[in-house]
Amino acid sequence: MATRTNLDMDVLRTFVTGFELGSFARAAERLGRSQSAVSTQLRKLEEQVGQPLVQKAGRGLALTAAGESMLGYAKRLLDLNDEAVDRLRGTELEGWARLGLAQDFAESWLPAVLKRFSRAYPRVRIEVQVGLGAQLVEKTLKGDLDIALVWGDGGDAPHAQRVAELPIHWIGQPDWPGLASLGNEPLPFAAFAPPCTFRSAAVTALDDGGLPWRLVFTSPSLSGLWAAAEGGLGITARTMVSLPKTLSVLDPVATGLPALPNAPLTLHQAEAELSPAVARLTDILLETIREHVA
């Protein structure tokens, strides 16, 4: 009987991480390994499957046909591995976990977080509130939420940690012609009511550049902002998280718009010490963020 080859989960994780981040150098940094160690793992995986998985593509690497197949299998194997480990470790975990999220994440990162958490910890009851950042932070400070993931630097809030930074972009219709098309008219701008990280960044950039603007639409709903931009009422400023396919990032150079800064993403905790259930939810949430933010 032929001997079966057992793929190494650690090697598979390195392989998947490298292509999710777009660089094995980044994967090495993320996984706490040297680049030579990562290269060795990649060669080991190619030896195990008997085919090259990557090939030169300009200055970088691209997947071969076998590599594309391997990437799909590797993701499924890792998902099953992580689910099994989480489920067995969390068999006895019980309690409540109350999570607050900015609207951007409700349709993007939230489903993956809930799916993984509920499978691993079926005896934990989870409550999720989606809303405006300032309101979620207030609820966390009052103890009505255990954790909240919101835009902003956290200010002086206790138990707040910055977990990522994402670039802010001008967003509008793909064929928006730019500032020159407005003549002497002010830029039509759509945004949340203050306080809002994106509104503040956009207004500061416009004012610093001496560019006139007018607020044409305000809403507490992210879907409302997208609708205003899609309808041509004005442009807005957000990250690319949950960006509808009908809208595009507007190039500042081509449109004459000022450059925008990064938006800090901050995790707020109600208490310094989290319950076991909330701590595990936090771990899964942060792992999901790392998977999506290179």
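## Terms and basis of the report

For the linings described here, Ala, Val, Leu, Ile, Met, Phe, Trp, Tyr, Cys and Pro count as nonpolar, Asp, Glu, Lys and Arg count as charged, and the others, Gly among them, count as polar. The structure is a predicted model, in which local features need pLDDT of at least 70 and side-chain atom pairs count only at pLDDT 80 or more, while totals for chains, interfaces and linings use all residues. Residues are numbered from 1 along each chain as its sequence is written, and side-chain values use heavy atoms, with hydrogens and water left out.

## Domains

The protein is divided into domain 1 (9–89), domain 2 (98–163 + 265–293) and domain 3 (169–260); these bounds come from an automatic or database domain assignment. Between the C-alpha centres of domain 1 and domain 2 the distance is 28 Å. In this pair, 6 residues of domain 1 are in contact with 9 residues of domain 2, where contact means heavy atoms within 4.5 Å.

Domain 1 and domain 2 bury about 710 Å² between them, and 42% of this area is on carbon and sulfur atoms. Buried area is the accessible area (1.4 Å probe) that two parts lose on being put together, summed over both. The number of salt bridges between domain 1 and domain 2 is 0; a salt bridge is a side-chain nitrogen of Lys or Arg within 4 Å of a carboxyl oxygen of Asp or Glu.

The structure as a whole holds 9 salt bridges. One of them joins Asp8 and Lys44, whose closest N and O atoms are 3.3 Å apart. This pair links distant parts of the chain, since Asp8 is in the segment before helix 1 and Lys44 is in helix 3 (residues 35–49), 36 residues apart. Helices (H or I, at least four residues) and strands (E, at least two) are DSSP runs, numbered from the N terminus.

## The largest pocket

Rolling a probe the size of a water molecule over the atoms shows where empty space is left. On a 1 Å grid over the protein atoms alone, a cavity is a set of points where a 1.4 Å probe fits but cannot get out, whereas a pocket is an open set with protein on both sides within 12 Å along at least five of seven lines; lining residues have an atom within 4 Å of a point. Grid points are joined across faces, edges and corners, and a volume is the space filled by probe spheres set on the points.

The largest pocket has a volume of about 750 Å³. Its lining consists of 22 residues, and Arg13, Asp79, Asp82, Arg116 and Glu291 lie nearest the centre. Two or more lining residues come from each of helix 1 (9–21), helix 2 (24–31), helix 4 (65–89), helix 5 (110–120) and helix 10 (276–292). Helix 4 provides the largest share, 7 residues. By class, the lining has 6 nonpolar, 2 polar and 14 charged residues. Domain 1 and domain 2 each contribute at least three residues to this lining.

## The second largest pocket

The second largest pocket holds about 460 Å³ of space. Among its 28 lining residues, Leu132, Gly133, Ala134, Pro195 and Cys196 are the closest to its centre. Helix 6 (133–142), strand 5 (147–151), helix 7 (197–208) and strand 12 (262–269) each supply at least two lining residues, and helix 6 gives the most, with 4 residues.

This lining has 13 nonpolar, 12 polar and 3 charged residues. Domain 2 and domain 3 each provide at least three residues of the lining. Pro195 is joined to Pro194 by a cis peptide bond, with omega of about 0°, and Pro195 lies in the loop between strand 8 and helix 7.

## The cavity

A search of the whole structure finds 1 cavity of 30 Å³ or more, and the largest cavity has a volume of about 30 Å³. Its lining includes Phe189, Phe192, Cys196, Arg199 and Arg238. Strand 8 (187–191), helix 7 and strand 10 (236–238) are the elements that give two or more residues to this lining. The lining of the largest cavity has 8 nonpolar, 1 polar and 2 charged residues.
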